[in-house]
Structures are given as C-alpha cells and as structure tokens.
Amino acid sequence: MSERHKILDSARLFALIRKETLQMLRDPSTLLVAVILPIILLFMFAYAVNLDIKNLPIAVVRQSDSIKAQDLEARYSGTKFFVVHPLREMPRAKEEIIRGNIRGIVLIPANLDDRISNPSLGPLVEIIADGAQPNTARFVGNAAQFIAQSWLFENKNFGQIPNNPMIEMEPRYWFNAEIESRRALIPGAIAIVMTMIGTLLTAMVVAREWERGTMEAMMASPSSVIEILIGKLLPYFLLGLLGTIICTIVAVFMFHVPLRGSILGLLAVSSAFLIPALGQGLLISAATKNQFLAAQLALFSGFLPATLLSGFIYERSSMPLPLEIISYLIPSSYFVDCLRSLFLVGDVWAVFWPNIGYMLLIGAFFFWRAAASTTRTLDGK
Amino acid sequence: MNETVIINDAKPAVEFSNLTKTFGATIALDNVEGKFHAGRLTGIVGPDGAGKTTLMRILATLLKPDNGNVSVANFDPEKQFRDVKDNIGYMPQRFGLYEDLSVMENMQLYAKLRKVSPKNRQVLFDRLLDFTRLAPFTARLAGRLSGGMKQKLGLACALMGEPKVLLLDEPGVGVDPVSRQDLWRMVEDLTSDGMAVVWSTSYLDEAEKCESVMLLNEGKVLYDGAPQKLTDTLEGRCFLINGRPQIRRQTLLNALKLPSVADGVIQGSSIRIVERPNADLTQLRDLVKSRESIMIPTKARFEDAFVDLLGGGPSGESQLAKNFGDVVLNGENAVLCQDLTKVFGEFTATDNVNFEVKKGEIFGLLGPNGAGKSTTFKMLCGLLQPTSGIAKVAGYDLRNAAREAKSNLGYMAQKFSLYSILSVKQNLEFSAGVYGLDGALKRDRIDEMIEIFHLQKYLNASPDSLPLGFKQRLALSCALMHRPPVLFLDEPTSGVDPITRREFWIHINGLVERGVTIMVTTHFMEEAEYCDRVAMMYGGKLIALDTPDELKKSVVTKEMQNPTMEDAFIELIARVDAQNAKAKAA
C-alpha cells in the first residue's frame with residue numbers, strides 16, 4: 001500500500017473537516033439545532049413540563065352552613081395546592097368538572113357536624129377527582145383527604161378520636177431539598193438536546209450528502225470511506241459538546257440548577273453519550289439516504305425514546321417490565337442517570353463508569369452496523 | 001486516418017467485456033463490451049434507463065458488476081479501486097459539489113483530496129479558472145451559480161490531479177446551448193492533451209459531435225463507432241417535403257402510414273422523411289404530388305440513424321385525438337400575454353412579455369435556464385400571480401376569472417409530476433375528480449385513457465415504478481381527461497427515447513388537428529422544430545418570436561449557410577449580449 005493509499009490520511013481528513021466546519025457555520029439550521037433549540041427546549045421543559053402540583057382548580061361544595069363546615073372550607077382555600085371554587089350545589093360542580101374547568105370536587109355534606117360525632121353516618125367529606133389525568137387525580141384525592149384529616153386532628157375537641165397516627169411525619173428530601181422537579185428535569189433536557197444534535201442533525205447532514213449527490217462524488221475521489229465518515233462526525237461531535245456547555249450555562253445561570261459535579265465529569269459523560277448518538281444518526285442516514293425519512297426515523301428512534309423512556313420524565317423503575325427492558329437499550333437512559341448525579345450530587349465516578357461503559361457498548365453496536373451498511377459502492381455490494 | 005491507426009495500437013484507456021449488471025429483476029447492462037481510447041471523446045448515448053449511468057458508475061468504482069472484465073487506466077476497478085480513483089475524474093449526474101461552499105473552497109477541497117501539492121496548486125487553479133472562465137466568481141457560493149457555470153466548476157473539480165480518464169455523466173442536462181458550447185470546447189481541449197473523455201448523454205445532437213459513440217438501449221450496445229459512419233448508412237434515404245405548411249401535419253400522418261416510410265417528423269415548415277432501405281417510393285411521390293409539394297433529398301442526422309437502428313418510428317393515428325372531438329373556443333386567441341411581468345424581490349423574472357397564440361397552434365417557449373420560461377408558463381397556468389400585465393387563457397383573464405381559465409387548460413408539469421403514493425388508477429381518478437368529472441363521464445374518460453395508452457397492466461402500480469414512457473403517457477392522460485382546449489407541456493419529452501417522443505408527438509399533432517392549442521417548453525432543439533412558432537426568451541425578455549424556419553434564416557451568414565435551431569439560439573443570445581455590452585459601455 002503506497003503513501004497515497006493510506007486509509008486515513010491526515011491531509012485529506014483535515015480538508016474534509018474544514019469543509020464540514022465551513023458548511024456547518026454557513027447553515028442556519030445548524031445554529032438553530034445547536035444553540036437556539038437547546039435554549040427553547042430548556043425553557044419548555046423548565047416551565048411547561050412542571051411535575052410539581054400547585055394551584056389546582058377544585059370545587060368545594062358546602063351543603064352545610066355550620067361553623068365547622070365553613071371552617072373546613074376555609075382550610076381548603078388556604079392551601080397552595082388548590083384554587084377553590086366555592087359552590088353550594090352538586091349539579092353545578094358536576095357541570096364544571098365535565099367542562100374541565102376543575103380537577104376535582106370536595107363535598108362537605110349537610111350533616112357534617114353529625115358525621116364528626118358519629119363516623120358511622122359516612123365519611124367526613126366526599127372527594128371526586130377527574131380521572132382523565134391519573135397523576136393529578138391521585139394527587140387531588142390524597143391532598144384533599146390529608147387536609148380533612150389534619151383539620152379533624154387539630155380540632156380534637158370535636159369529641160371524636162381520630163384514627164390518625166399520632167406520630168408526626170416530617171420527610172427530608174436530599175439532593176433536591178425543594179423537591180423541585182425542574183432540578184431533575186433540566187439535566188434530563190440536556191440529554192434530549194444532545195440526542196437532537198447527535199442523532200437528528202447527523203442523520204440529516206449525511207442524508208443530505210446522499211440526496212444531493214455529493215456523497216457519490218466523494219466516494220469516487222481518492223478519500224476512503226473512513227476518512228469521509230470521520231470528517232463528517234468529528235465536527236458534529238465538537239458541536240455536541242458545545243451544545244452541552246451552552247445547556248449547562250443556561251441551566252446553572254438562568255434556572256439556578258446547581259452543578260455539583262465538575263466540568264471534566266460533564267465532558268466525559270457527554271463524550272461517551274455522543275458516540276452512540278452519532279452512531280445512530282450515521283446508521284439512520286446510511287439506511288435511508290433521504291433527509292425526510294432520516295428526520296422521521298431520528299425523531300422516532302432517538303428523540304421519542306429519549307423523552308419517554310430514558311427516565312427523564314417517568315421513573316424507569318415504575319415502568320411496565322417490557323418498557324423498562326427497552327429503556328436499558330437506549331443510550332440516553334444512561335446519560336440521564338449520569339447527568340442527574342452530576343448536577344444534583346457531584347462527580348460520582350462509581351455511577352459514571354458503568355454508565356459510560358454501557359453507552360460505549362451501544363455506540364460500538366451502532367458503528368458496527370453503520371460501517372456494514374456504508375460501503376465503498378452505491379448498492380452495497 | 002493516420003491518427004486513428006496510432007491510437008488503436010495503444011492500449012485503450014478503458015476496456016470492458018461481458019459486462020452485466022442487474023438490479024433486482026432489472027437488467028441495467030446486458031453483456032456489453034467496448035473500448036474507450038486516450039485522446040478521444042467518446043459519447044455514451046441513449047435514452048433514460050438505457051444503462052449509461054450504471055456503466056459510468058462501474059467505471060468510477062462505485063458499483064460492482066455482476067459479471068465481466070473491466071479495466072480503467074490499466075487497473076481493475078474492483079480489486080485496485082484506489083489506483084483507479086487516483087486516475088479518474090468523475091462528475092456525477094447530479095451536481096456533485098457543495099452548494100454552500102464557494103467556487104474556490106470547492107476547488108481547494110478537491111485539490112487536497114487529490115493531494116495536489118500546495119506548490120502546484122496555484123498554477124493548476126489559475127489554469128482551470130482561466131479554462132472555465134470562472135476566475136471572476138471564485139468567492140461566489142456554488143449554489144448561486146447558473147446551471148452552466150455549475151457544470152464548468154464540476155468539470156474543474158473533476159480535473160484536479162490531472163486524471164487519465166474523465167467520466168462525465170450527462171453534463172449537458174440543464175445547461176443551455178451557450179454554456180454547452182463552452183463545455184464542448186473545454187472537453188475538446190482536454191482530449192487533444194491526450195485524456196480519454198467519456199461523455200454520457202440522452203441528446204442525440206450531442207452524440208453527433210463525439211468522435212466515437214457507444215449507443216445504448218435497454219442495457220444493450222446497439223452501435224459502437226464513429227457517429228458519422230452510422231449516419232452515412234442513411235445517405236440518400238432522407239428527404240424534406242416542402243410545399244404547404246398549413247397541412248403538413250396531415251401529410252405527415254398519411255406518409256407515416258406508407259410501408260416505404262421508416263420515420264417522419266415535422267421540421268419547421270417542412271416534413272422530414274426517412275425511407276426504408278431499397279423502398280419503392282412511388283406511393284410517397286404520389287402523396288407529395290397530391291399535396292402540391294416537392295420532395296428534396298437532405299443530409300441524414302444521427303437521430304434518423306438511431307431511430308432506423310431501432311426499426312423505425314411509430315406510425316398510425318392518434319386514438320386520443322380521434323375521440324377528442326373538435327374544440328370550440330370563443331375568439332381567435334387561445335393564449336394572450338400583454339406586458340406580462342413578474343418580479344421576485346429585486347429580480348425581474350418575466351419582463352414585459354407580449355405574445356398571442358392562435359387556436360390550434362403549437363407555440364414553443366425556448367431559452368436558457370433562468371430566462372423566465374417557467375415563470376411565464378406558471379403565470380399562464382394560474383400557478384403564479386403576475387406582478388403586472390394581462391394573462392388570458394381561452395379568453396378568460398387569469399386575474400379575475402382564474403377558475404374558468406384553469407378549467408380550460410390542461411397542464412403537464414416537468415418530470416411528469418405524479419403522485420407516487422397513489423396507484424396509476426388512483427392518479428387518473430384524482431385528476432378526473434380535480435377537474436370536476438364525475439359519474440359515468442368520469443368512468444368513461446378513465447377507461448378511454450387506460451385503453452388508448454395501454455395502461456391496463458400497470459393500474460395498481462405506483463407511477464414511480466413505470467417505465468419513463470408510460471409515466472409520460474400517464475401524465476398526459478391526467479392533463480387531458482377534461483378535454484381542455486389549451487394544453488401546457490413543460491419539457492414533456494425530457495429523457496425519453498426518440499421512439500417514445502415520436503409517439504407522444506403523434507398524439508399532440510392529432511390534438512392540434514382537432515383545434516387544441518399547445519404551449520410547450522423544451523430543451524430539445526429538434527422538438528422546437530415541431531412548433532408552428534417559437535418565442536425565445538432571455539433575461540426575462542422576449543428576444544425573438546417567429547416560425548422555426550424564419551428564426552434559422554435570421555442568423556444565416558456566409559460562414560453559416562445552414563444553421564440549426566441550436567445555432568440560431570446561440571447566435572440570437574450572443575446578439576443580445578453584444579447589444580447589452582454596447583449599452584453598458586455607452
């Protein structure tokens with residue numbers, strides 16, 4: 001093999017990287033995906049995907065005018081969980097819940113005073129929740145019940161001995177003391193953004209070369225397939241890391257998410273994640289050779305699983321078993337794990353190493369498949 | 001002759017034999033063989049789907065043949081692909097350069113990939129830029145270049161590293177005749193330097209200019225040798241019939257029915273006839289006499305020879321035209337443009353264009369890319385709103401009676417835009433529905449189209465899977481189902497073989513006899529000759545409007561006694577350029 005025929009020639013590789021970088025800088029969509037999109041996504045996840053429950057609209061239907069009933073109603077209005085619509089009749093409340101104006105109904109019965117002294121008459125309050133959104137419904141039920149019980153407990157002088165536990169529980173939350181979901185979500189959002197840059201952008205730019213016929217011209221030139229691919233991927237690898245840093249800056253300085261780990265740790269796990277992400281993008285583009293299809297497949301196989309199955313929003317351990325198994329095959333699961341530790345706990349290398357290992361393993365698989373489908377010839381023979 | 005002998009002694013630059021390549025059930029190349037010599041321009045000629053691109057890609061190491069021996073610059077493209085790549089320049093069919101890189105950046109990239117040393121680079125660049133006349137545009141993004149300039153840049157990049165074999169896959173597509181002439185000049189220079197240049201094309205007039213051609217059809221080699229030698233076989237068999245241009249289409253129809261006639265087409269106001277070898281011409285002479293015309297021998301063209309090689313052109317009447325019924329149209333003018341102008345931002349795409357098209361006329365719109373043909377066409381079809389001026393179709397003003405105007409026209413878009421997710425039958429149903437046909441009428445018209453165009457066996461297939469000729473038929477059916485009095489054809493026969501093109505024009509000629517008005521844009525100069533009148537556009541303006549014969553006559557000089565349509569085209573544009581340059585200087 002002569003000097004000209006090296007599989008990896010630094011001068012040719014450098015020329016390809018330079019070309020890709022120039023293209024990247026000139027293409028407004030690159031800027032959009034790498035800089036603007038992360039910021040938009042972070043804002044969206046920070047504000048729209050808020051798992052904390054506050055100010056839920058409910059109706060309190062008070063059928064009794066007794067002082068106790070009024071006091072109980074006031075207790076509901078007084079919490080930050082609910083915004084109370086005071087009503088007197090059940091049919092009106094039902095109408096409101098059907099229209100979706102309220103999430104639940106608390107019925108304070110006409111014989112509240114009697115029920116306090118004689119529990120056999122029925123429960124203290126009747127709670128109806130809108131099951132259309134199960135999580136919210138569960139929360140409405142629990143919170144409404146808790147409020148009634150604590151009200152009863154504080155007013156022991158009503159004559160009834162409540163069967164509440166007499167030990168007061170005071171939970172302490174570590175790592176995210178304010179249990180703000182934003183803090184857990186934003187590191188997850190970074191994983192989503194990186195999936196977009198790594199998989200979507202890469203799939204599209206490689207598919208674009210196929211579509212425009214430039215790949216054909218490249219393949220007929222003396223550069224090897226390996227050179228072409230590395231020349232393509234390296235700039236996007238760096239762009240991905242840049243995206244991570246931008247996201248981190250926004251997360252720390254705008255959303256005040258603490259970064260307890262180090263920048264080195266962040267770059268290490270991000271680099272490890274970019275391997276499978278880029279590999280997946282490459283595989284998709286090699287298989288489709290069409291920008292539209294590549295974008296669809298990248299969204300379907302990259303973005304959606306990263307959003308739904310990586311544990312970013314939904315806890316993986318509470319998923320049905322088949323989905324939980326699938327979640328282990330998704331590189332972003334491991335990345336989300338790492339990022340959460342990195343932001344909320346610190347550099348826990350005991351967590352990072354196995355995760356990095358899994359990501360590299362999945363990456364190796366993707367590259368193996370991509371290399372098999374990117375051949376020297378156009379019909380793969 | 002001496003020269004040929006010397007070249008034949010040397011080992012050919014490209015050699016292949018028993019070459020076969022299949023894609024699934026399609027046989028792209030069927031046991032072909034050939035030799036391309038250094039210092040020579042070889043044309044690979046044939047319609048779309050003939051196997052030209054497959055052959056090019058095999059030579060460029062991008063496809064592996066199923067079978068056969070190939071040698072490119074003395075290397076085996078399969079086993080020694082790296083050596084082959086070092087010795088070839090390849091320009092793929094689609095513009096293979098980066099549109100978001102500048103001219104210079106593209107050249108730099110290819111120079112580095114081909115390992116041209118920085119020392120030699122500047123010299124080479126200067127030469128190539130001078131050669132392609134791209135020197136003033138080095139900073140311009142490749143995507144902003146005109147079609148012709150793009151191809152020249154592609155050629156410059158393919159020439160980096162001074163290849164021994166240059167493979168150009170349809171470099172003439174989308175390039176206007178002026179730029180095409182430039183490309184030819186460049187390629188001729190290269191061959192005289194000893195390079196082997198392979199140029200594939202579906203334009204037969206391009207083939208005529210090659211030193212040697214390989215004629216491909218359906219994966220087989222029909223002819224291999226000098227084009228003139230093939231054309232010579234037709235010497236004495238080609239005639240022009242002159243006399244009564246008004247009835248020339250009917251005369252052609254009658255002539256094509258005669259067993260002695262192999263092929264016939266309209267050429268300006270004349271009819272071009274190719275007789276079968278050793279045929280008895282009595283019937284033809286009688287026909288010519290009865291039409292008060294005369295028959296004069298003429299020089300054979302390469303296209304005549306190609307059609308003859310394929311067994312002659314189609315004959316017969318157009319069933320489509322027969323069923324069509326006579327067109328009723330109010331007023332004299334089928335199409336009218338008055339001061340028609342379209343401005344996009346600062347760019348005037350159509351600039352004060354005026355013309356009228358009479359009922360039953362075939363009106364051609366010609367011009368280089370970006371001349372404003374498509375914009376004008378789209379305004380007349382109601383697809384674009386004019387900035388100012390009047391556009392009327394069938395007497396209806398497109399500004400205030402667009403619906404009426406549109407229901408009076410049929411439009412066959414470029415590249416036969418069909419819905420690939422619908423089947424052939426569904427495409428027909430959709431078009432019929434769009435034009436408001438329903439019930440028994442809709443069924444009848446669809447059945448009629450299926451019968452006339454033999455679409456039966458393709459009814460459930462996707463249009464994408466059809467042979468090009470059938471795609472074209474389907475597109476024509478879809479445009480005609482509502483029997484419009486005016487038909488717009490945007491490059492209707494681009495890429496199809498000459499036989500299919502003739503079949504298509506038999507239908508069009510038949511429709512014209514029924515009073516249908518045809519508006520057509522084309523890149524084929526022969527096709528321009530089928531028109532009654534031709535409007536030539538350049539820079540958004542109408543620069544000439546006349547019959548094809550008069551246009552050709554207008555550029556006759558001592559040096560150019562017998563100009564072709566292409567000559568006329570190039571000359572008329574050159575005159576405008578000269579005028580503009582003068583105006584600028586003054």
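Visitor: Which residues of α2(A) are buried?

Guide: A residue is buried if 20 or more other C-beta atoms lie within 10 Å of its own, exposed if 12 or fewer, and partly exposed in between, with C-beta atoms placed from the backbone. In α2(A) the buried residues are A34(A), P38(A), L42(A), F45(A) and A46(A). An α-helix has 3.6 residues a turn, so residues three or four places apart point the same way. Please note that this is a predicted model, in which local features need pLDDT of at least 70 and side-chain atom pairs count only at pLDDT 80 or more, while totals for chains, interfaces and linings use all residues. Residues are numbered from 1 along each chain as its sequence is written, and chains are lettered from A and ligands numbered from 1 in the order in which they are written.

Visitor: Where in α2(A) does a kink lie?

Guide: The bend at a residue is the angle between axes fitted to the seven residues ending there and the seven starting there. In α2(A) a kink of about 40° lies at I36(A), shortly before the proline P38(A).

Visitor: How many helices and strands are there in chain B?

Guide: Chain B has 22 helices and 23 strands. Its radius of gyration, taken over C-alpha atoms, is compared with the globule rule, 2.2 Å times the number of residues to the power 0.38. The radius of chain B is 25 Å, close to the 25 Å that the rule gives for 586 residues, so chain B is as compact as a globular protein of that length. Buried residues make up 50% of the 586 residues in chain B. In chain A, there are 14 helices and 4 strands, and 38% of the 381 residues count as buried.

Visitor: How many residues of helix α12 of chain B are buried?

Guide: Helix α12 (residues 302-309) of chain B is mostly covered, with 7 of its 8 residues buried. Among them are F302(B), F306(B) and V307(B), together with the charged E303(B) and D304(B). After α12(B) comes G311(B), whose phi is positive, near 100°.

Visitor: Is S417(B) buried, exposed or partly exposed?

Guide: S417(B) is partly exposed, because 14 other C-beta atoms lie within 10 Å. Its place is in the loop between β19 (409-412) and α16 (424-434) of chain B.

Visitor: How many residues does the contact take from chain B and from chain A?

Guide: Two residues are in contact if their C-beta atoms, placed from the backbone, lie within 7 Å. Here the contact takes 26 residues from chain B and 25 residues from chain A. On the side of chain B that touches chain A, α4(B) gives the most, with 5 residues. Ala, Val, Leu, Ile, Met, Phe, Trp, Tyr, Cys and Pro count as nonpolar, Asp, Glu, Lys and Arg as charged, and the others, Gly among them, as polar. That side of chain B divides into 13 nonpolar, 2 polar and 11 charged residues.

Technical notes: Helix = DSSP H or I, 4+ residues; strand = E, 2+ residues; numbered from the N terminus.
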